Amino acid sequence: MSYNIESLSQLKGAPFVLGIDVGGTNTRVSLGTSDGTEYLFTTFEASTLPVLLSGLEAAGAELTKHITYPPSAACIDIAGPVFEEGEKAEITNYAGSREERIISKAMLPRSLFTPETTAIVNDLEACCYGILALAKAGRLPELFSPLWSDGKDDMKLRPVHYAVLSAGTGLGVGLLVKLPGMDFQVLPLEGGHGLISPGGKGSPDYDQEHKLLEFLGQKLYNGKHGPEWEDIVSGRGIQYCYEFLTRADDEEKKKNLSTADIVAAAFATPHSANAQDALLLHYKYLIRCSQGISVALQAKGIFLAGDNQVNNDKFVRTNSHVLHKEFLSHPKQGWVENVPVYAQHTKFNINLFGTLYVANYIASRGGAKK
């Protein structure tokens, strides 16, 4: 592991907080101050709980060599549900059984974490807090822009609910809830595990969709269940869509393309039509999922976040007219026709920024987030 030791000197004895973003492969540890300044301390690989804890222990040992006082508070985000009143969480994108993926505050090294001033949050919860922090700093236009707009959007959060979706290993969903007289509250959701609602027989893609959903339901659930949104809106979902589109092509089956291979083929010159169609299916279902959340939870704005969103930004915006049509295809079209959809176009670790926002909140309150 390597460490950014130079950043520590910039603290100059000032109080600091700790933010940790636990991804499926990489974990990032960052220090932050109350003015919003962020210092990335280290990044290390981990995909199992023992490796994660060992890496955090090593980071804590290195940090205490250079700073003699502890962080004022800490926040760590993970992919998966948080339970037992915030004391434990299951890291669902880690290897092992459920029991082998459960992390608790008690397991975290005391060199970095004090249970009373530590929060464990869901990754999309952290993303929502990151978007809130960016909005308060006036920085949303640096990272997001509307997919379709009249050009008059100032990118300021209004006093309404917002949904946040991020497609990666799975589909993360969260909600920024605005209550009267209160700041935004964050509600982590598991919307990616909702069952897909297919279009009606009169929809132009009905035949293909019926076959796709039947294909996925049989492949993944032996026909006992229909597919979840995440079965299409995820990295593996792009592979499933490509497999469906090329199911009659024996030569394509032999290639056994990865998600990265399929996306590269979609962007190549000349491009693969099947790869582009698979990627477009992925985004059409992402938009349809966001539409359903907007209707059900009365979210009046949508954020599409994450590195994959940034990587595919040109493709998404090129097909924004198709996605807009998909977004408006609902019996309650009037409820969604004025809902803006903001897509991230510039890379930035919003989750990590969100953990620092939470940690600073804890520090200001003198106790752990409840």
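Helix 5 and helix 9 first. Their axes come within 14 Å and cross at roughly 90 degrees. Axes here are lines fitted to C-alpha atoms, for helices over the stretch in contact, with angles from 0 to 180 degrees between N-to-C directions. Helix 5 and helix 9 are therefore roughly perpendicular to each other. That label covers 65 to 115 degrees; under 35 counts as roughly parallel, over 145 as roughly antiparallel, and the rest as oblique.

A word on the source. This is a predicted model, in which local features need pLDDT of at least 70 and side-chain atom pairs count only at pLDDT 80 or more, while totals for chains, interfaces and linings use all residues. Residues are numbered from 1 along each chain as its sequence is written, and side-chain values use heavy atoms, with hydrogens and water left out. Helices (H or I, at least four residues) and strands (E, at least two) are DSSP runs, numbered from the N terminus.

Back to the pair. The axes of helix 5 and helix 9 cross at roughly 90 degrees. Which residues make the contact? From helix 5, Gln208, Glu209, Leu212 and Leu213; from helix 9, Leu281, Tyr285 and Arg288. Contact means heavy atoms within 4.5 Å. By class, that is four nonpolar, one polar and two charged residues. The nonpolar class is Ala, Val, Leu, Ile, Met, Phe, Trp, Tyr, Cys and Pro; Asp, Glu, Lys and Arg are charged; the others, Gly among them, are polar.

Next, helix 5 with helix 6. Helix 5 spans residues 206–221 and helix 6 spans 235–245. They pack at an angle of about 115 degrees, axes 10 Å apart. The crossing is right-handed. Left-handed would have the near helix turned anticlockwise from the far one by less than a right angle; right-handed is clockwise. Helix 5 brings Gln208, Lys211, Leu212, Phe215, Leu216, Lys219 and Leu220 to the contact. Helix 6 brings Tyr240, Glu243, Phe244 and Leu245. In the loop between helix 5 and helix 6 sits asparagine 222. Its phi is near 55 degrees, a positive value in a residue other than glycine.

Now helix 8 and helix 9. Their angle is about 110 degrees, with axes 7 Å apart. Helix 8 and helix 9 are therefore roughly perpendicular to each other. Their crossing is left-handed. Ile262, Val263, Ala265, Ala266 and Phe267 of helix 8 meet Ala275, Gln276 and Leu279 of helix 9. That contact has seven nonpolar residues, one polar and no charged. Proline 270 lies in the loop between these helices. A cis peptide bond joins threonine 269 to proline 270, with omega about -5 degrees.

On to pockets. On a 1 Å grid over the protein atoms alone, a pocket is an open set of points with protein on both sides within 12 Å along at least five of seven lines, and lining residues have an atom within 4 Å of a point. Grid points are joined across faces, edges and corners, and a volume is the space filled by probe spheres set on the points. The largest pocket is lined by 48 residues, with Asp123, Ser166, Ala167, Gly168 and Thr169 nearest its centre. Its lining has 15 nonpolar, 26 polar and seven charged residues. Helix 10 (307–311) gives the most, four residues.

The second largest pocket has a volume of about 530 Å³. Of its 24 lining residues, Gly199, Ser203, Arg288, Glu326 and Ser329 are closest to the centre. Which helix gives the largest share of that lining? Helix 9, with six residues.

Terms used. On a 1 Å grid over the protein atoms alone, a cavity is a set of points where a 1.4 Å probe fits but cannot get out, and a pocket is an open set with protein on both sides within 12 Å along at least five of seven lines; lining residues have an atom within 4 Å of a point.
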